[in-house]
Amino acid sequence: MAAMFTWCLSCCGDGGPGHIPLKEMPTVQLDTHHMGTDVVIVKSGRRICGTGGCLATAPLHQNKSYFEFKIQSTGVWGIGVATQKVNLNQVPMGRDTNSLVLRHDGSVYHNNEEKNRLPANNLPQEGDVVGITYDHVELNLYLNGKNMHCPASGIRGTVYPVVYVDDSAILDCQFSDFYHTPPQGFEKILFEQQIF
């Protein structure tokens, strides 16, 4: 019996020959390889400051994605989705076909066209959490967990969460462990290998 236990430990229990370690699943965060030249990313890839934009590390492959941004300090900012072709040094985004963003003034822009606008009495302020749902057709916005009924669409291709800042704005990203429960059917961003 002791010999069998020793064999089991040498084979499986201590990482010896025959042991195949499980890969730790990566976490979604802001991607320091896809950011503007004057952007600063801190807090383990969760906080953006400086000037410019940054994509997240994972594209939105699944059917219904949800993520959040908390406004730590106001200024000029924008959040939404973008392709990898977006100019991350250009502020504000939403000027071309490569980004669809909510801007700090409540307007939602894509291809230099205002697609929608938050009600004037519901503009995000310092300390607010803006949630975003995306289902490959439509982007929807939530302010502190409340649906703003402000849909926008038009972007095509593989998209990533995007955020930009300027004029002293600081935003924190939440790609899991959300402040608010995602709307029914929506979930955190999954890496492609997690979907299958």
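**Exercise 1. Work out how exposed arginine 117 is, and find its salt-bridge partner.**

Step 1. Arginine 117 has a relative accessible area of 38%, so it is partly exposed; buried means under 20%, exposed over 50%, and partly exposed in between, with a 1.4 Å probe and protein chains only.

Step 2. A quick word on the ground rules: this is a predicted model, where local features need pLDDT of at least 70 and side-chain atom pairs count only at pLDDT 80 or more, while totals for chains, interfaces and linings use all residues. Residues are numbered from 1 along each chain as its sequence is written, and side-chain values use heavy atoms, with hydrogens and water left out.

Step 3. The partner is glutamate 114, with the closest N and O atoms 3.1 Å apart. That meets the salt-bridge rule (a side-chain nitrogen of Lys or Arg within 4 Å of a carboxyl oxygen of Asp or Glu). Glutamate 114 is partly exposed, at 35%.

**Exercise 2. Find the other salt bridges of the structure and describe their setting.**

Step 1. The whole structure contains three salt bridges.

Step 2. One of them joins lysine 115 to glutamate 113, with 3.8 Å between the closest N and O atoms. Lysine 115 is partly exposed at 31% relative accessible area, and glutamate 113 is partly exposed at 42%.

Step 3. Another joins aspartate 172 to arginine 47, at 2.6 Å. Aspartate 172 sits in strand S14 (residues 170-174) and arginine 47 in strand S3 (residues 47-56), so this pair ties together parts 125 residues apart in sequence. Strands here are DSSP runs of E, at least two residues, numbered from the N terminus. Aspartate 172 is buried, with a relative accessible area of 6%.

**Exercise 3. Explain why cysteine 173 forms no disulfide.**

Step 1. The structure has zero disulfides, a disulfide being a pair of cysteine sulfur atoms within 2.5 Å.

Step 2. The closest cysteine sulfur to that of cysteine 173 belongs to cysteine 54 and lies 7.7 Å away, which is too far for a bond.

**Exercise 4. Judge the predictor's confidence along the protein.**

Step 1. Mean pLDDT (the predictor's confidence in each residue, from 0 to 100) is 90, and 86% of the residues reach 70 or more.

Step 2. Now look at residues 3-13: pLDDT stays under 50 there, and the model gives this stretch nine contacts beyond four places in sequence. A contact means heavy atoms within 4.5 Å.

Notes:
Helices (H or I, at least four residues) and strands (E, at least two) are DSSP runs, numbered from the N terminus.
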